[in-house]
Amino acid sequence: MPLNLSNLGTSVKLLFSGYLIVVAIGYGLAMVQILFTHGMADGKFGLSIEDIVYSYYGNRSGSVLEAKLNGSMKANAPDEARFQIIQWVRDGADENAYARQIRPLFEAHCTACHNADSGLPDFTRYENIKARAQSDEGATFSSLTRVSHIHMFGIAFIFMFVGMIFALASGVPCKLKCSAILMPYVFLLLDIASWWLTKLDRHFALLVVMGGGGLAMAFVFMWVVSMYEMWILPRQLPYLDQRDALRRC
């Protein structure tokens, strides 16, 4: 009998299922994390094309600091404090005005997280704040390089193992199976390329949605088919085949 997901031993099924469940939870948490980072770039909860544009291309009519205060950092300071900081930025981010009026606002609402020991931009120093009061040009090339190589290595490994499990599915036509296994790598390259393209031109933002959506569809399809064939399909086999399959461990 050819080896497939439905006739694997129970121990192997538990191994594969545990991996698939943990990866699915991690994927879901990654979506939540995106909602709380990129999804707040335009100041409104929920991921939109404008969020993607602001995250990668930037809002070049304003500053990085203003974009953050109106976006993902909006809930961390009261409106009055945010408006004073934004107005100070628009007035040229003068150092004397910073010392008199703005520094206490940063100390009250920002430096608990943004300090020299946090790994975040150090807002205890005027120079660092001044740098972020410049025009918002979105993600930097250095950050794109760092995130791109992390995603290429990490996601490729995840889909290699998901694909290896799915490759043992017996109820999927060969062409569809090959397409589903290949799809994540195609959409991963599209997803990462779209970040760089959107950094250069805001009109490529739709490609980010297509790349991320393609990855999600491939993952859900392979996950559902794999879990179905391991745990539901054997119960629908003839009694003798089912009994033999369940004895394997």
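Reader: Which residues of α7 are buried?

Author: The buried residues of α7 are S143, L144, S148, I155, F159, V162, G163, I165 and F166. Keep in mind that this is a predicted model.

Reader: How should I read the spacing in such a list?

Author: Start with the general idea. An α-helix has 3.6 residues a turn, so residues three or four places apart point the same way. Now look at the case here. The buried set of α7 includes L144 and S148, and also I155, F159 and V162.

Reader: How many residues does helix α7 have, and what does it reach from its first C-alpha to its last?

Author: Helix α7 runs over residues 141–166, which gives 26 residues. From first C-alpha to last it reaches 36 Å, close to the 38 Å expected at 1.5 Å a residue.

Reader: What covers the buried residues of α7?

Author: Other helices take part. The cover includes α1 (10–36), α2 (49–56), α8 (174–200) and α9 (205–232).

Reader: Take S148. Is it buried or exposed?

Author: Compare its relative accessibility with the cut-off. Buried means under 20%. S148 has 6%, so it counts as buried. This serine is found in helix α7.

Reader: Which backbone oxygen lies 2.6 Å from a polar atom of the S148 side chain?

Author: That of L144. Leaving out residues up to four places away in sequence, S148 touches I192, W195 and W196.

Reader: Now the nonpolar core. Which residues of the largest one touch the most other members?

Author: L5, Y56, F159 and F166, in a core of 31 residues. Then ask which elements contribute. Those giving two or more residues to this core are α1, α2, α7, α8 and α9. The largest share comes from α9, with 8 residues.

Reader: What does F159 touch?

Author: Set aside residues up to four places away in sequence. F159 then touches Y27, P184, Y185, L215, F219 and M222. F159 is also among the buried residues of α7. There is a second, separate core as well, with 18 residues, including I85, V89, I102 and Y126.

Reader: Which residue forms a salt bridge with E50?

Author: R202 does, with the closest N and O atoms 3.4 Å apart. Check the positions next. E50 is in helix α2, while R202 is in the loop between α8 and α9. They are 152 residues apart, so this pair links distant parts of the chain. E50 is partly exposed at 32% relative accessibility. R202 is partly exposed too, at 32%.

Reader: Where do E107 and R103 lie?

Author: Both lie in helix α5 (residues 95–109). They are 4 residues apart, about one turn of the helix. E107 is partly exposed, with a relative accessible area of 45%. R103 is partly exposed as well, at 41%.

Reader: Which residue does the side chain of E127 meet in a salt bridge?

Author: R125, at 3.9 Å from N to O. Read that against the cut-off, which is within 4 Å. E127 counts as partly exposed at 47% relative accessibility. R125, at 45%, also counts as partly exposed.

Terms used
Residues are numbered from 1 along each chain as its sequence is written. This is a predicted model: local features need pLDDT of at least 70, side-chain atom pairs count only at pLDDT 80 or more; totals for chains, interfaces and linings use all residues. Side-chain values use heavy atoms; hydrogens and water are left out. The expected span of a helix is 1.5 Å times one less than its number of residues. Buried means under 20% relative accessible area, exposed over 50%, partly exposed in between (1.4 Å probe, protein chains only). Contact means heavy atoms within 4.5 Å. A polar contact is a pair of N or O atoms within 3.5 Å; within protein, one must be able to donate a hydrogen and the other to accept it, and residues adjacent in sequence count only if both atoms are side-chain atoms. A nonpolar core is a set of buried Ala, Val, Leu, Ile, Met, Phe, Trp, Tyr and Cys residues joined through side-chain atoms within 4.5 Å.
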